[in-house]
Amino acid sequence: MARKITYQQAINEALDQEMSRDQNVIVMGEDVAGGAGSPGEQDAWGGVLGVTRGLYHKHPGRVIDTPISESGYVGAAVGAACCGMRPVAELMFVDFLGVCFDQIFNQAAKFRYMFGGKAETPVVIRAMYGAGFRAAAQHSQCLYNVFTHIPGLKVVVPSNPYDAKGLLIQSIRDNDPVIFLEHKALYTMEGEVPEESYTVPFGEAAVVREGHDITIVALGRMVQKAQEAAAELQKAGIHCEIIDPRTTSPLDTDTILESVEKTGRLIVVDESHPRCSMASDIAGLAAERAFASLKAPIRQITGPHAPVPFSDALEELYIPSAAKIVAAAKSLKEYR
Amino acid sequence: MSAIYPITMPKWGLSMQEGKVNGWLKQVGDTIEAGQEIVEVESEKIAGAVEAVAPGLLRRQLASEEDVLPVGGLLGVIADASVADGDIDAFVTEFQSNFTPAGEDEEDQGPTPQKIEVKGRKLRYLKRGEGGEPMVLIHGFGGDLNNWLFNHEALAADRAVYALDLPGHGESSKDVGEGSLEALADTVADFMAAVGVDGAHLVGHSMGGAVALMLARRHPARVRSLSLICSAGLGEEINSAYIDGFVAAGNRNALKPVLADLFADSSLVTRQLVDDLLKYKRLEGVGQALSTLSGKLFVNGRQSSVLAQGLGALGKPVLVIWGEEDRIIPVAHARALSGGVQVEVLGNRGHMVQMEAANDVNRVIARFLG
């Protein structure tokens, strides 16, 4: 059986293999080395949760700790990418997007278009996202929909270790700016990951489970919730098909629509807020292009339109649960 | 005479935890011979049929179409007409109350693949069974040791059976060197030496058959017999659209129609099979390996090496098995063979005959080896 490693190790391995393959790949961000340059440097921590641990010593000079200034180092990464480097900048928590958004959406995302296709910006911006860590409203958001809205950015939301490694390698090799989002709660998830380098292409959804009654499109950590729900629903004789888009931009609309045409029922599970979300985007897609196949209303299961609460009890209620998916699926199956 | 036999969900491969019932081929009350196919079952990787282990009447169907059962779960019951209904019900009740599905974390996963370094190349292999005259299973172009999923355990009933990943395939090193049949055959011979197998019965599928033939020519002392399944190396024709399509396909939509040519029943091409092959094809070095091999072995749409003439001169027992509907290498290659070669053609089966008609293939090989 193939080797099993965690989501976190898969990300580390992807960075390591790409840094070995291409000297232009550098890693930069707050504490990504962690202690580098100080007397305790052999204890380099490797990022706030240790994802980049070990890279500093393997790739001397190419894992760069930056000041706490997202606008500064994200801008520097974008500039370095324009000049031929392949920087992987870590934004730590995606919630810090606000202070460096201009560098991303008005600079990196626009260069190829505004310079007539002559400029390339092969920068990757990694960030942690998601609720469930008791990290409160400023460190728990799911902002992939914000990036997805902006043409010129590619947005990656891996749900498992295999995809995390292959999609990160693809992100580093891609010649456009890529936002690579890692759910904190998935870091310890184990899965089979080949030792060799490999890529997973953008815009290719994974069909995680096949079924003919209901299509569940789920992103990131929500894929696990959908799998729990589908296992439960199977016992009730309801066969769910689970689709993990893997990238929200580009989005594999064909795989989603083909599935909805087969099942006639759609649930979208998205951990972010409901308004202008991936859930509403995918629901709109199906309503517009698969309307004739629908046997029941489309259901969106998301967090509420409210900041993520700090209270344990409230945070658990905030996150879409398998139970909510099960209830929605049963109501769709019974509709008419 | 009054024995009661359970029919249970089989375990096809290491990762199989549960299977889905696709449909019953026999109904309650039907008379059943041992070895007859009774119920069709599907894992996430492949669909197949469960055989009766003993003769009798099919007395109970305990799972319906679409039901998902854990491995080892009770599908049905076979017993003579003389067994009372009450006894059968008691058997079922007892079975169900004693049955606990094997958890994913449990140790009892059976043998697991190993890796061995052979002349600078890492080769993955899986050994099943012990003793006897050993056997080596050699997969075809783009395949891996999992191609023997339905054969390996059955063939290993009374001998040690090794299935390996050829260079460029599965989890073995992706360097195929010059990509010639000679080089592949030498690698398999080196592998045999490394695992301490002096002489073995070789079973090769497709390109693996040609590798086995070449091995018998170059290292005759290592070969006791040859079982060649839909084998390359016995004629010039080959479906070059398949080879080229397989090498070129970069996504599901491109690969799926290509794979349909592998089976007589193309519904056997499951999404999982396509996804697994895509994962393999996306590994660094695989594209290069497949191009090198196809450029060497299948030139201008023809097979470069035809070894059929030398079969008799090898002085080894040779068995040739073919699926009549093979759309990759024509069955005519089997029918053209003569003199001392045992040829078995299985109707209504395709190129992956060892998967499509696993039970038949296993029996033919077992009989051939005596």
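**Figure 1. Confidence of the predicted complex.** The predictor assigns the complex an ipTM of 0.90. The pTM is 0.88. Chain B has a mean pLDDT of 92. In chain B, 97% of the residues reach 70 or more.

**Figure 2. The two domains of chain A and their contact.** The domain assignment divides chain A into domain 1 (4-192) and domain 2 (206-334). Their centres, taken over C-alpha atoms, are separated by 27 Å. Domain 1 of chain A contributes 24 residues to the contact, and domain 2 of chain A contributes 22. On the domain 1 side, the elements giving two or more residues are α6 (144-148), β6 (154-156) and α7 (161-173) of chain A. That side of domain 1 holds 13 nonpolar, eight polar and three charged residues.

**Figure 3. The contact between chain A and chain B.** Chain A brings 13 residues to this contact. Chain B brings 10 residues. On the side of chain A that touches chain B, six residues are nonpolar, four are polar and three are charged.

Figure 4. Strand β2 (residues 18-24) of chain B runs antiparallel to strand β4 (residues 37-42) of chain B. Four bridges join β2(B) and β4(B). Trp24(B) has Val39(B) of β4(B) as its bridge partner. β4(B) also pairs with strand β5 (residues 47-51) of chain B. That pairing is antiparallel too, over five bridges. Here Val41(B) has Gly48(B) of β5(B) as its bridge partner.

**Figure 5. The eight-stranded open sheet of chain B.** The strand order is β9-β10-β12-β11-β13-β14-β17-β18 (chain B). Pairing in this open sheet is mixed. β9 (114-118) and β18 (341-346) of chain B are the edge strands. Each has a single partner strand, so one side of each lacks a neighbour in the sheet. On average, neighbouring strands are turned by 25° against each other, direction ignored.

Figure 6. Strand β10 (residues 121-128) of chain B and strand β12 (residues 161-164) of chain B run antiparallel. Four bridges join them. Tyr125(B) finds its bridge partner in Leu164(B) of β12(B). Helix α3(B) packs on the sheet and touches β9, β10, β11 (135-138), β12 and β13 (200-205) of chain B. The direction of α3(B) makes about 110° with that of β9(B).

**Figure 7. Helices α3 and α4 of chain B.** Helix α3 (residues 181-194) and helix α4 (residues 207-218) of chain B have axes that come within 8 Å. The axes cross at roughly 75°. α3(B) is therefore roughly perpendicular to α4(B). From α3(B), the contact uses Leu181(B), Glu182(B), Leu184(B), Ala185(B), Asp186(B), Val188(B) and Ala189(B). From α4(B), Ala210(B), Val211(B), Met214(B), Leu215(B) and Arg218(B) take part. By class, this helix contact has nine nonpolar and three charged residues, with no polar ones.

Figure 8. α4(B) lies across β11, β13 and β14 (223-229) of chain B. α4(B) runs at about 155° to β14(B). Two of these strands, β11 and β13 of chain B, are also touched by α3(B).

Technical notes. Residues are numbered from 1 along each chain as its sequence is written. Chains are lettered from A and ligands numbered from 1 in the order in which they are written. This is a predicted model: local features need pLDDT of at least 70, side-chain atom pairs count only at pLDDT 80 or more; totals for chains, interfaces and linings use all residues. Two strands pair if DSSP finds at least two bridges between them. pLDDT is the predictor's confidence in each residue, from 0 to 100. Domain bounds come from an automatic or database domain assignment. Two residues are in contact if their C-beta atoms, placed from the backbone, lie within 7 Å. Ala, Val, Leu, Ile, Met, Phe, Trp, Tyr, Cys and Pro count as nonpolar, Asp, Glu, Lys and Arg as charged, and the others, Gly among them, as polar. Axes are lines fitted to C-alpha atoms, for helices over the stretch in contact, and angles run from 0 to 180 degrees between N-to-C directions. Angles under 35 degrees count as roughly parallel, over 145 as roughly antiparallel, 65 to 115 as roughly perpendicular and the rest as oblique.
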